[in-house]
Amino acid sequence: MAEFKHRDSTGSAFWDERFAQSFMPWDRAGIPAALKQFVAQAPTPLTTLIPGCGLGHEVALLAAAGWDVTAIDFSPAAVAAARQNLGPLAEHVVEADFFAFQPPRALDLIYERAFLCALPPAMHEAIVARWAALLPAGALLAGYFFFDKTRSGPPFGIEPERLKGLLEPNFECIEDSEVGDSIAVFAGRERWQVWRRLPG
Ligand SMILES: C[S@@+](CC[C@H](N)C(=O)[O-])C[C@H]1O[C@@H](n2cnc3c(N)ncnc32)[C@H](O)[C@@H]1O
């Protein structure tokens, strides 16, 4: 039975002890279908950042497609686990705090999965502001968003209107669809969305 000392998911110690005990109920152990389709349909390779990558399964898909992908996580235990998981692709994983990380090259895409919902609602505004700061006009934010009214977590849900309100000053939604292959934790409560960064 896993036992944890840390309760604050904004600190890396919270995640470290969970990865150290292989307690990862959010982990999909694979690549979700909408991302596969998105990559298959993309007209050109996209320079991509994966914030809070966990085990970083998606790196394998993006690297195989020839995309320039960097996966970051601030938990040393997560980074070690991701590098082990990815083997020869380990160099794509960087230990870094999302709020401080400066990408070496201009980004075309930020991929979101279980990062927004990993942090409490009080952090949502800061996450969205960082997405906006990291992406130039025309670049994309794409991934899975966990919509729920729960105030406890992780996972912390967000209401669709709240996400829209936070994103719309700087992004327009260009895709929004149901997810058919969710894991149990997110089933029926997540959507695949793509948002395009607006100028300004
Ligand atoms: C719920 S897990 C999701 C992992 C992965 N995205 C997935 O879908 O399996 C959240 C991850 O975000 C990482 N994280 C939380 N806050 C972070 C921050 N400020 N900077 C970088 N990583 C962070 C945690 O260490 C953890 O690995």
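This briefing describes the domains, the sheet and the ligand surroundings of one protein. The model is predicted. The protein is divided into domain 1 (47-105) and domain 2 (108-200), and the shell around the ligand draws at least three residues from each of these domains.

**Domains**

- The C-alpha centres of domain 1 and domain 2 are 19 Å apart.
- Contact between the domains involves 10 residues of domain 1 and 9 residues of domain 2.
- On the side of domain 1 that touches domain 2, strand β1 (residues 48-51) gives the most, with 4 residues.
- That side of domain 1 has 6 nonpolar, 3 polar and 1 charged residues.

**Sheet**

- Seen in order, the 7 strands of an open sheet are β3-β2-β1-β4-β5-β7-β6, and their pairing is mixed.
- Strands β3 (93-95) and β6 (171-178) are the edge strands, each pairing on one side only.
- From one strand to the next, the twist averages 20°.
- Strands of a sheet pair through backbone hydrogen bonds, in either a parallel or an antiparallel manner.
- Strand β5 (residues 140-146) and strand β7 (residues 190-197) run antiparallel and are joined by 7 bridges.
- Residue Y144 stands opposite W192 in β7.
- Helix α4 (residues 76-86) lies across β2 (69-73) and β3, and runs at about 165° to β3.

**Ligand surroundings**

- There are 22 residues around the ligand, of which W15, G52, G54, S75 and F98 come nearest.
- The shell around the ligand comprises 15 nonpolar, 3 polar and 4 charged residues.

Definitions and conventions. Residues are numbered from 1 along each chain as its sequence is written. This is a predicted model: local features need pLDDT of at least 70, side-chain atom pairs count only at pLDDT 80 or more; totals for chains, interfaces and linings use all residues. A residue is near a molecule or strand if its C-beta atom, placed from the backbone, lies within 6 Å of it. Ala, Val, Leu, Ile, Met, Phe, Trp, Tyr, Cys and Pro count as nonpolar, Asp, Glu, Lys and Arg as charged, and the others, Gly among them, as polar. Domain bounds come from an automatic or database domain assignment. Two residues are in contact if their C-beta atoms, placed from the backbone, lie within 7 Å. Helices (H or I, at least four residues) and strands (E, at least two) are DSSP runs, numbered from the N terminus. Two strands pair if DSSP finds at least two bridges between them. Axes are lines fitted to C-alpha atoms, for helices over the stretch in contact, and angles run from 0 to 180 degrees between N-to-C directions.
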